[in-house]
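Hi,

Here is the structure I said I'd pass on.

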Amino acid sequence: MRGSGHTDETARIAALEARIVKLERINASLMDRVERSTDLQGNAFSAFETAIALENKVRERTADLERALGDLAASNAAQAHAREAADAARRRLGDAIEALDEGFAIFDADDRLVLCNQTYLSLWPEIADRIVPGTKFEEIAGAIVNSSATLGALIAPDRWVTERIGQHHVAAGAQVLSLADGRWIQANEQRTSDGGIVGVYTDITDIKAEDARRRARELAERAVVLQGTLDAMPQGVCVFAPDRTLVAWNDPLLTLLNLPTARARAGIADHGALVDWCKSHLRRADAADTLGWIDGAADGQEVVAVRRLADGRSIEIRRLAMPDGGMVMSFDDVTERLRTADALEQRVAARTRELQQQVREREAAEGAMREAKTAAEQANLSKTRFLAAASHDLLQPLNAARLFVSALSGRQMAKSNRAIVMQTASALDSIEGLLEALLEISKLDAGAIKPDWSDVPIDDLFETLRAEFALLAAERGLTLTVMPTQLWVHSDRRLLRRVLQNFLSNAIRYTQQGGVIMSARQVGGTVSIAVADTGPGIDPAHHREIFEEFHRLDGASSQGMGLGLAIVQRASRMLGHPIGLKSAAGQGATFSIDVPLAAMGVLHAAPVAASPRGIGVTNVLVLDNEEAILAGMRAMLGGWGVKVRTATTLAEAQAQLRRARRAPDVILADYHLGAGALGDEAVAALRAAIGAAVPAVIITADRMPALRERLIGEGLHVLQKPVKPAQLRALLASVC
């Protein structure tokens, strides 16, 4: 900043001086003009007038000149003051630089020395007189090389100069220079804003010396630790340097090699001497693959060899290449170890033979057990198949009976006859429930049901169960309260629904007055789903018994079969969901099941669209090989105002289609049509004949999930036997 002010002041003075010269020229011109005018005219009056005018102009010019001289004097004074301030600042900067303990030097943008201190010059005493302002850094570096002031300059002068100049131009931080007189200098060079370089040069000889002493101490300590470690090892160990000279060894090595301590250093001074000694004292251990030198080509892998010596001993020799190019060798007498291993091997062989015999015996026993288990499983499966077949055969007439009862209930009749019809319907419900429970227990026991895990919104289950049990609870004069929830659980939807169905069924069956509450509550990572009632309660002494088959509490007023809780227990075990019971006599009962919280935790379930009211069906084709079923369907569907066509075979159904003027709105087909014919295949043939995918419902007594999934996958609806009229009516209303 000071340099810039000085330049401006000099320019200003130069301008003033030019202005004074210009005024003097004007003044001289005017004087000359006056004189020439007087000589030419010779008129005194004219000369007088001219003199007066000239005087005024001279006075104006003189005033301008005086002002210019004043400005010049002020500028000179300011310039002198600035020069004094700059000289003082330069002296202070020089004093500060000289006061530094480190060498200091500044180079301009052309890499010429601007200034430096005496400490910097003392780093290069041989060339100090040549380091003056204006000297280029390349010249200084060349002079350093010529004076052999650094170790690098002594070893490779040209390379040192090139590298040092490159480091100087980069000016990216610190470099360490090793001087020939033993000193170490750290040069820190950085670029200035105008493109120059400022450098600070520190003598770090003491730091280097302390570092060397510390390294020496560390090496000495490591040597002590190494020797102590070697002496503590039972094996004989020796360490060789990269030049194959002996570096360290321990006493067990001397003992194993039969080498006197006094001759240790001379006997195995290097690797070659060790090999020579082993040739004479460890016969049969001198093979090249046992004692030969290995280097880094071994990839750090330890080479192990065991040799049986001429004296009967067995020696294990290990060799390992070190990263620095040296090698470590160890010698271990493994004679007793091998003898023990041989004896152990013999015992192991004997024991192995015994174990093999035991294994054969065990395999024979396991084979017998597997055969017995297979026989038991086959018997269980046979039982399941028998129950499934029996259920199908029983459900066929039961289904027909339900259809006839449903048709009768829709007709006008005497009150006493209607009571008989309702009792018949109730008896059919009991038979249906018994058959379903027996079949489900049989499947659970046989392992025929496998959980289908998914994330289930509890509120959907609750709404379905509310719709299923609300009418039954109202008929018994009870209040059914289902608490809304947004929780999701991870379970099998069908099995979990079955458990909750049985909880609600038992609660409504055994409760005479009051109500039933179903709720869900999150406890950590688990959701507890509970059904609480205001019934008679259960004595704690009977809590375990009620989960057994066909067990009912004494004095129960309902006609339950005692299978619901048995199904609950089996389903909960399969799912791994613990069930709980809190109850006492006269205090109601609360049944619960703990289900894992789903990963999504809490989420609003999508609203379920309301089913349209009314059946919306006018023309139905029913296909079943049982005439009683067809008659029941005609009676029930006819009572709903539906035109019904029936057929016992596919051929008869196709004939019905040919005679009809229009295609049916819905096809109802039994799954097992007799003689190996299947309902889904018949529906496919009928759809092909119609030329359109007419809605179709398959009615079956088979409750296997795989069959249901397959039929739904084929675009079919599924109803379980015996057909409940309300379910059939709702399904017909939804498909059309």
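Below is what I found, sorted by topic.

**Confidence first**

Keep in mind that this is a predicted model. The chain averages a pLDDT of 78, with 77% of its residues at 70 or more. If you go element by element, strand S15 (residues 526-533) comes out with the highest mean pLDDT, 94, while helix H13 (residues 415-446) has the lowest, 59. Two stretches to treat with care: residues 1-5 stay under 50 and have four contacts beyond four places in sequence. Residues 604-613 are also below 50, again with four contacts in the model beyond near neighbours in sequence.

**Salt bridges**

Searching the whole structure turns up 16 salt bridges. As a reminder, side chains of opposite charge can pair when their charged atoms come close. Here are some of them:

- Asp 332 pairs with Arg 337, with 2.7 Å between the closest N and O atoms. Asp 332 counts as buried because its relative accessibility is 12%, whereas Arg 337, at 45%, is partly exposed.
- Glu 463 and Arg 466 meet at 3.0 Å, N to O. Both sit in helix H14 (residues 458-475), three residues apart, which is about one turn of the helix. Glu 463 has 39% relative accessibility, so it counts as partly exposed; Arg 466 is partly exposed too, at 29%.
- Arg 662 bridges to Asp 665, and the closest N and O atoms are 2.7 Å apart. Arg 662 is partly exposed at 43%. Asp 665 has a relative accessibility of 19%, and the cut-off for buried is under 20%, so Asp 665 counts as buried.
- There is also a network: Glu 210, Arg 213 and Arg 217 are joined by salt bridges that share partners.

**A buried serine**

So what does the side chain of Ser 491 make a polar contact with? The partner is the side chain of His 577, at 3.0 Å. Ser 491 belongs to strand S13 (residues 487-492), and it counts as buried because its relative accessibility is 0%. Leaving out residues up to four places away in sequence, Ser 491 touches Asp 452, Trp 453, Ser 454, Val 456, Leu 496, Leu 575, His 577 and Val 595.

**Around helix H5**

Now for the surface. Leu 151, Leu 154 and Ile 155 make a nonpolar patch of about 310 Å². Ile 155 lies in helix H5, which covers residues 151-155. Is Ile 155 buried or exposed? Its relative accessibility is 72%, so Ile 155 counts as exposed.

Ser 148 is in the loop between helix H4 (137-146) and H5. Ser 148 is partly exposed, with a relative accessible area of 31%. Not counting residues up to four places away in sequence, Ser 148 touches Leu 154, one of the patch residues, and Ala 180. Glu 126 is 22 residues from Ser 148 in sequence, and their C-alpha atoms are 9.4 Å apart in space.

That's what I have for now.

Cheers

Conventions:
Residues are numbered from 1 along each chain as its sequence is written. This is a predicted model: local features need pLDDT of at least 70, side-chain atom pairs count only at pLDDT 80 or more; totals for chains, interfaces and linings use all residues. Side-chain values use heavy atoms; hydrogens and water are left out. Patches are made of residues with over 30% relative accessible area and no salt bridge: like charges are joined within 9 Å, nonpolar side chains (Val, Leu, Ile, Met, Phe, Trp, Tyr) within 5 Å. Accessible areas come from the Shrake-Rupley method with a 1.4 Å probe; for residues, only the protein chains shown count as cover. A salt bridge is a side-chain nitrogen of Lys or Arg within 4 Å of a carboxyl oxygen of Asp or Glu. Helices (H or I, at least four residues) and strands (E, at least two) are DSSP runs, numbered from the N terminus. Buried means under 20% relative accessible area, exposed over 50%, partly exposed in between (1.4 Å probe, protein chains only). pLDDT is the predictor's confidence in each residue, from 0 to 100. Contact means heavy atoms within 4.5 Å. A polar contact is a pair of N or O atoms within 3.5 Å; within protein, one must be able to donate a hydrogen and the other to accept it, and residues adjacent in sequence count only if both atoms are side-chain atoms.
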